[in-house]
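Hi there,

I am passing a structure on to you, with some notes to read alongside it. Please have a look at it first, and then read on.

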Amino acid sequence: MHRARTVINNLVPLAPLVPKIAPKRFASWLAAAPNKIILNSPPKRWYIAPVSSEPFLNGSSGSYVEEMYNSWLADPKSVHASWDVFFRNSSSGAGPGQAYQPPPSLALPGRNEAPLSSLAPFLGGSSALGGQVDEKIIDDHLAVQAIIRSYQIRGHHIAKLDPLGISSADLDDRIPPELLYNHYSFEERDMDRVFKLPSTTYIGGKDKALPLKEILRRLETAYCRHIGVEFMFINSLEQCNWIRQKFETPGIMEMDSEQKRLILARLTRATGFEAFLARKWSSEKRFGLEGCEILIPAMKQLIDKSTELGVESIVMGMPHRGRLNVLANVCRKPLEQIFTQFAGLEAADDGSGDVKYHLGTYIERLNRVTNKNIRLAVVANPSHLEACDPIVQGKTRAEQFYRGDGEGKKVMSMLLHGDAAFCGQGIVFETFHLSDLPDYTTHGTIHIVANNQIGFTTDPRHSRSSPYCTDVARVVNAPIFHVNGDDPESVIHVCNVAAEWRATFHKDCVIDIVSYRRNGHNEIDEPMFTQPLMYRKIRNTKPGLQLYAEKLIKEGTVTPEEVKDVADKYEKICEEAYTNARKETHIKYKDWLDSPWSGFFEGKDPLKVSLTGIKEDTLVHIGKRFSSPPPNAAEFVIHRGLERILKARMEMVEARIADWAMAESFAFGSLLKEGIHVRLSGQDVERGTFSHRHHVLHHQLVDKATYRPLCFLYPDQAPYTVSNSSLSEFGVLGFELGYSMTNPNALVCWEAQFGDFNNTAQCIIDQFISSGQAKWVRQSGLVMLLPHGLEGMGPEHSSARLERFLQMSSDDPDYFPPESEEFAVRQLHDINWIVANCSTPANYFHVLRRQIALPFRKPLVIMTPKSLLRHPEAKSSFDEMVEGSEFLRVIPETGVASQNPSSVKKVVFCTGKVFYDIKKARGARELDNDIAIARVEQISPFPFDLVKRECAKYPNAQLTWVQEEHKNQGAWSYVQPRFNTALNNTRVVTGRASGTESGIFSSLVGVFSRSAKEEASQHTARGEQPNVKRLIRYAGRPTAASPATGSKNQHLKEHAQLLDDALAL
Ligand SMILES: Cc1ncc(C[n+]2csc(CCOP(=O)(O)OP(=O)(O)O)c2C)c(N)n1
Ligand SMILES: [Mg+2]
């Protein structure tokens, strides 16, 4: 289809009638003096190449036309009449576009077509004179219609959007041919002719017809002044009409003086704030808003309007630019708190903190304009531009969920962007694609681009290949409102429309405030190095506040005294706050929390973990529900394979055992029973990548008829959400993290299709999950489920990169915390996240439940199995999940080796699936008496105490860590130093106050491995002080660049070698 169209385009000379003479813009007589380009800017890219600018004869069409032409020369009748006309016209000098005339159609008119003659009575032509139609009238009316449509579609290309007047917001300074009046063969004398207006425009107001001149004037007013609206790509007539009405209706942008004064006051504060900071801390980075101060009144207007329309809570995400100003003037965060951030004070609470222009905030306050209470949260964000977008969406979605706000009427999200980041960062696209998915939509986000037409030092012509920086939004049919930032009233109009659009259609929209950046990227940066011409122009451009004040003074809305008075008042407020800030001795990170969990921590023993084992009745009840077909099984046809799966599940329940999927359902189901909302999201999670989960049963005959057993466990249970996500990791993981931040009483899980793919969400992992609490005092109990394990499936689909998670764990390898009853919970309290690799369904069950049983929240990263999902031994008895059972950080050897520990020659430590392989091989080699196997299930925080105990139990054994990952991967690098600490109780830790015991064994005196003994005796023989340590050795694959081999054969060889090494004595 597309190709056919391309071929036809090449063949048929559809060139518009672009005159060779200088193009004249429609209504050019209306426009003021042409916008002179003052600077010698480099040539612009032309994105929309009209047909006329393309070579008429190109590629295959060239030879085709040539062939035709030769035949025509030989015999004009040998070609089709249309070619005959074309060649005749072009031989007499007509251009390609003019040479072509469509041939008369022989076909009968289509459904909506009528022969021209039948229209004669309506056209006032010469119908009385024998039904002859004045074709010019029809053509001219059609042309007027086309003109109106052209303005609606492309008027934004010539709107005056750039306050500097030096570049076009769409990087194209040509006038689209459809907006050239002689494109339609109108002349000046036609301007007073009256034309009936089509139903697709609102420019007439009450008038049904207008003179052409007035039509053009109104279209210019609506679409080509300081607002450029992109909306005609939207696939809904209702929505297009709605927008047309908002911009075309005569007088719609007019404002009363009260509104104008409010804008002025807000602009004054926004400008005053930056000026105050610049004066007090001239060399501090603050990423000021100068040049786009109108952002503040814009955001405030969006909040006012949205509150008026019912919104009670707004979750915002924004980058560095103008962030402090937003906190001060939009959120009204106390200025003292902001100013103390500049003072370099010490923090009064835990955490390592962040720079001031990354911190979040949460404020509940009265909106003075609407007199309604409003909650505003600005989510903390890292430097990584746009990374907080999905977080904001997840947080918003969660807030809507908990409020029962199914349509997003009460809670909304607002995202701010820089122009370079908006088009450059892929996460923007991923976030847009969540916007209309049933379990991810926030029912419309208002996006604002603070478009200062530069990204650090990079010119837009080098930072994007799309005309506008906002084009990414077109994929979701979001209208885009470009507006000149130096026209405050236009900006405010656009904000009103945006807020109403969201409230009406619950869809995303974009406000693109085209502005400039008065200073360098930050305040100590020199912009003239790279943008000399632009900055010369900026220096000669009056600040937005001055321009607006002058306008209002000129039109008599305010007096110069009033303007000064407003500015002075704000200056005084800042000075007072400054004085108070100087009295502060500490900063408090908690003041900058974006998601307070009121009531969660209060009255809780911070070290008391609730029990995770549950009643057998509950297991049985959940198990039976999970194993049953839908209650209306007679009508609900499920897949035959599924019937078998359910039957097998039921048999497991009867036998009191659970596999992985069932243990997971026990964890989820029991939490749901306790009122904890559970949400599982990720690619194909409903069924499970490995077809093991089946949380959604599909009717085999009825589309969309599904049954979710875990939603029907108990009448008063909490809601369960399980949702296949879009094919995104960065976006969806970020979303779930945001979701988890809203309410601590929920188990939010994200599952990767394979653990390997988590690295496309690396930024969320590094910047938020591993470090979020330290930087922003923000906790999250998010669970990341990462299928992991070398099973011969190649370099991908094998490794979730366990080593990376462990490398980012914050527990000190050299520090053995004091042993006590609370050892485990204290470790969890202090760590940044938990990394686990469970080998039994029961342990998986407990670790999930422990997320909620903890008195605080920590992210949990779990390596989850693939082949173990169906491994006959990877099953757990109900006994391991009932009351009294708990999560086992280490699963010690329980077989024969444990009965006679002193004769055990080797203890193999491992984690995850490889345990089953080692165990099997040990049995086959009859080494059950000689080798003990212990499983480290919670790798981080490292179970120093249990590892120490297990080693001590086998005093004569050599210790080996066995892993299937390559030596430079997996857990080895993490566990090795920690084993040494566990074995030798090291307490000498640089940079840590507690623990100073000397570096060798305390409780393990006399317990040496053979090699250690040998080493000791050698030392003594040389007369040196023996430095005797019990050490852990490594058995497994050697180092490698890739996580796994692509050859099955090689994989098996490696695996056999691994087992040999592991079990060698
Ligand atoms: C993901 C990411 N890459 C690079 C940077 C470094 N950086 C900081 S600001 C900036 C330019 C941003 O330009 P724009 O989005 O237009 O925002 P502006 O600073 O102009 O407001 C860059 C490249 C970053 N912060 N984040
Ligand atoms: Mg920019």
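Let me begin with a term you will need below: a crossing of two helices is left-handed if the near helix is turned anticlockwise from the far one by less than a right angle, and right-handed if clockwise. The model is predicted, so local features need pLDDT of at least 70 and side-chain atom pairs count only at pLDDT 80 or more, while totals for chains, interfaces and linings use all residues. Residues are numbered from 1 along each chain as its sequence is written, chains are lettered from A and ligands numbered from 1 in the order in which they are written, and side-chain values use heavy atoms, with hydrogens and water left out.

**Helix pairs**

Two packed helices are described by the angle between their axes and the distance between the axes. Here axes are lines fitted to C-alpha atoms, for helices over the stretch in contact, and angles run from 0 to 180 degrees between N-to-C directions. Helices (H or I, at least four residues) and strands (E, at least two) are DSSP runs, numbered from the N terminus. Angles under 35 degrees count as roughly parallel, over 145 as roughly antiparallel, 65 to 115 as roughly perpendicular and the rest as oblique.

- Helix α31 (residues 914-924) packs against helix α35 (residues 1048-1063) at about 65°, with the axes 10 Å apart. The two are therefore roughly perpendicular, and α31 passes α35 in a right-handed crossing.
- Helix α6 (residues 135-154) and helix α7 (residues 212-223) pack at about 15°, their axes 10 Å apart. That makes α6 roughly parallel to α7; this crossing is right-handed.
- The axes of helix α32 (residues 944-953) and helix α33 (residues 972-984) come within 8 Å and cross at roughly 65°.

**Two backbone details**

Most residues other than glycine have a negative phi, and most peptide bonds are trans. S940 and P941, however, are joined by a cis peptide bond with omega of about -5°. P941 sits in the loop between β26 (938-940) and α32. H694, a residue other than glycine, has a positive phi near 55°, and its place is the loop between β14 (677-682) and β15 (697-698).

**Around ligand 1**

Which residues come nearest to ligand 1? Of the 15 around it (those with a heavy atom within 4 Å), they are R321, S383, D419, A420 and N452. Helix α14 (residues 419-424) gives the largest share of this shell, three residues.

Polar contacts are pairs of N or O atoms within 3.5 Å; within protein, one must be able to donate a hydrogen and the other to accept it, and residues adjacent in sequence count only if both atoms are side-chain atoms. An oxygen atom of ligand 1 is 2.9 Å from a side-chain N or O atom of H320, and a nitrogen atom of ligand 1 is 3.2 Å from a polar backbone atom of L385.

Best wishes
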